[in-house]
Amino acid sequence: MTKRFALGIFDDEDVLMHAIENVRAAGVKIYEVFTPFPIHGIDDALGIERSRLPIAAFFYGMCGLAFALWMQIYMLGFDWPMIIGGKPHIALPAFIPVSFELTVFFTCHGMVITFYAISKLYPRWRTPVLDVRSTDDKFVMAIEINESTDLNNLSKLLRENGASEVNEKEMTKN
Amino acid sequence: MQHVSPVREPLVTGGKSYHDVTQDVCRQVEAAPNVRWMAALSVALFFLGVFLYSVYRTLWYGIGEWGLNKTVGWAWDITNFVWWVGIGHAGTLISAVLLLFRQKWRSSINRAAEAMTIFAVICAAMFPVLHMGRPWLAYWVFPLQNTFGSLWVNFNSPLLWDVFAISTYFTVSLVFWYTGLVPDFATIRDRAKGPIAKVAYSLLSMGWTGSAKHWSRYETVSLILAGVSTPLVLSVHTIVSMDFATSVVPGWHTTIFPPYFVAGAIFSGFAMVLTLMLITRVVFKLEDYITMEHIALMNKIMMITGSIVGVAYITEFFIAWYSQVEFEQYAFINRATGPYWWAYWSMMTCNVITPQLVWIRKVRYSIPLTFVLSIIVNIGMWFERFVIIVTSLHRDYLPSSWVMFSPTIIDIGIYVGTMGLFFTLFLLFAKFFPVVNMAEVKTVLKYTVDNGPTYTGHDPHHDLIHKPTTHGVPANAPVNYNKHD
């Protein structure tokens, strides 16, 4: 599916932040903003919901902890009980290190895999980018356009809010 | 964006714009390899060869190739293991602990420090695996039933805790490092000219476009990774120290080991970061990103942890005396005055006395002195591990079994060889990956903006600080720096 975008190019993140507020206030829907680095407060300005990744991370961590405790208690306590140094079979203090490490292991890997999955980031041969300068020093605001969009007005709105250029680009989304 | 402090030193000097950051960091990746890099790589590859030869001897003829004997059952292998793992700690500390503490100066050094962590842990892992003698059976350390029945690994053993700690530490550091690299790979991809570079960096960057939503999640992920890596890094060296501390060998059986080892790890790690950064900044012309201020700050951390280590040495002595256990007392007197006195006093000189020079401002801000100091600390920390291990083992309860340990050429070859492995990996990293985290440096760039004459710099290096500059900001932009702070 081919989509058409109007791209407002900004040179500074503070200008961009004001522009986002004004463009949204003017009732224009922002498709996406591309920036070379994370900008403080941009999620609020764009109305991006708070990520639920921390909740997922907590859940993964609990899974890791449960798995580690089950593994150690089952293996050393029930499946093949061994007396080691006169300690009880289920020596919980001795199980703390492995339980901690597996909690961290599950938290990190679970969360990172989830992050790549929900962001649809995976190795690919070529990456279509709306404006290659957005990974260097430009801040790009993409607004989806269709037949009913008044391009002149949109361009004027972006320029009035500090866009140094306004371009049009087509992109095939797969 | 950020509040501009009137008293703090700028984090990036030279009045860089966002584009300058990209240019300066990508220059090295895009240019053809230079002669100095090739020469350095050749030396590193030579030592890698030494490593491979020593490993071949060890595996083909057995652990008898090493200088180990009946009493000293592990010496250079565990010394080198603990030393390398310790070096690795500074990288995680810079990327995780300093992120949690909102220390923005970490941004220009964290990438290289994390790479150092990963390569150091790889080098460290070589030693326990080789010490197994039959590394192809290394999977026995994982909780798998053995071939004879349903016997499991021993979860009460600190050596097994180590397996879990090191593998978690390695994989988590790797993921943390890689996730941080993805946006920078995207930058290189979008600048790449050649078809191979385009495809390679496209694969590496996983289709990163820098959309606001991704950045928002990316920041969440970084923060949580930092949050869990911080206790992780402390746990790893704590567990390494328990390999010794849970035994009853005089000289090892001490509760001070976990914090003392962690401090020592940070100490040697920062020394290695300094060594590498001092070279990297000159070779890659990154003086504006890794400033004298960075070097001074790292020096300070090195001095503080060095002092903690010094206190730990004295505490150990005190506790040995106070415990009234004669074996314990003898172990410590033997360390200082016995046949390995030279190792003990090298350790004391390198780790306790020399770092105190950092109190002097001139030393902190001097490149040659810092470089020498960082090397001395690395040597001292190697001796610390050696002293703890060998002096405790070579004489324990039974005087009839007292022996001296001396390394064989293979012992030395493996140790020197891991340096080759480390530098080979680091040089390849420095050539093909961005050494400085571009995205993060760009976020702190506006610190260099000096809005007025309030800043009172005392350092003559910063010739730019008195000029009112607005780098990266168009003159007519509605700037309000405090707004989003």
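**A surface patch and what lies beyond it**

Modeller: Helix α3 (residues 53-79) of chain A gives the largest share of the nonpolar patch, four residues. Helices here are DSSP runs of H or I of at least four residues, strands are runs of E of at least two, and both are numbered from the N terminus. This is a predicted model, in which local features need pLDDT of at least 70 and side-chain atom pairs count only at pLDDT 80 or more, while totals for chains, interfaces and linings use all residues. Residues are numbered from 1 along each chain as its sequence is written, chains are lettered from A and ligands numbered from 1 in the order in which they are written, and side-chain values use heavy atoms, with hydrogens and water left out.

The patch lies on the surface and is formed by A:Phe67, A:Trp70, A:Tyr74, A:Phe78, A:Ile90 and A:Leu92, which together have about 610 Å² of accessible area. Patches are built from residues with over 30% relative accessible area and no salt bridge; like charges are joined within 9 Å, and nonpolar side chains (Val, Leu, Ile, Met, Phe, Trp, Tyr) within 5 Å. The areas come from the Shrake-Rupley method with a 1.4 Å probe, and for residues only the protein chains shown count as cover. With a relative accessible area of 33%, A:Tyr74 is partly exposed; buried means under 20%, exposed over 50%, and partly exposed in between (1.4 Å probe, protein chains only).

An unreviewed UniProt entry places the feature "transmembrane region" at residues 55-74 and 94-118 of chain A. UniProt positions are in the numbering used here, feature names are shortened, and annotations may be inferred rather than shown by experiment. In the model, residues 55-74 of chain A are 100% helix and 0% strand, with end C-alpha atoms 28 Å apart. Residues 94-118 of chain A are also 100% helix and 0% strand, and there the end C-alpha atoms lie 37 Å apart.

Next come the charged pairs. Side chains of opposite charge can pair when their charged atoms come close. The structure holds 14 salt bridges over all chains, each being a side-chain nitrogen of Lys or Arg within 4 Å of a carboxyl oxygen of Asp or Glu. In chain A, A:Asp137 bridges to A:Lys138, with the closest N and O atoms 3.9 Å apart; both residues are buried. In chain B, the side chains of B:Arg111 and B:Asp184 meet at 3.1 Å, N to O. That pair links distant parts of the chain, from helix α4 (residues 110-131) to helix α5 (residues 158-191) of chain B, 73 residues apart. B:Arg111 and B:Asp184 are both buried. B:Glu316 and B:Arg335 form another salt bridge, at 3.8 Å, N to O. B:Glu316 is in helix α9 and B:Arg335 in helix α10 of chain B, 19 residues apart, and both are buried. Back in chain A, salt bridges that share partners join A:Asp11, A:Asp137 and A:Lys138 into one network.

Aromatic rings make contacts too. Rings of Phe, Tyr and Trp (its six-membered ring) pair if their centres lie within 6.5 Å; planes under 30 degrees apart count as stacked, over 60 as edge-to-face and the rest as tilted. By this rule there are 57 aromatic pairs over all chains. B:Tyr330 and B:Trp402 are stacked because their ring centres are 5.6 Å apart and their planes stand at 10°. B:Tyr330 is in helix α10 (residues 326-337) and B:Trp402 in the loop between α13 (367-394) and α14 (409-432) of chain B, 72 residues apart. B:Tyr330 is partly exposed at 31% relative accessibility, and B:Trp402 is partly exposed with a relative accessible area of 31%.

The charged end of B:Arg385 sits over the ring of B:Phe261, 5.4 Å from its centre. B:Lys431 lies over the face of B:Phe432, 5.4 Å from the ring centre.

Last, the backbone. Most residues other than glycine have a negative phi. B:Met206, not a glycine, has a positive phi of about 55°. B:Met206 is in the loop between α6 (195-205) and α7 (212-245) of chain B and is buried at 11% relative accessibility. B:Lys285 also has a positive phi of about 55°. B:Lys285 lies in the loop between α8 (257-283) and α9 (292-323) of chain B and is exposed, with a relative accessible area of 54%.

How values were computed
Lys NZ or Arg CZ within 6 Å of the ring centre and 35° of its normal.
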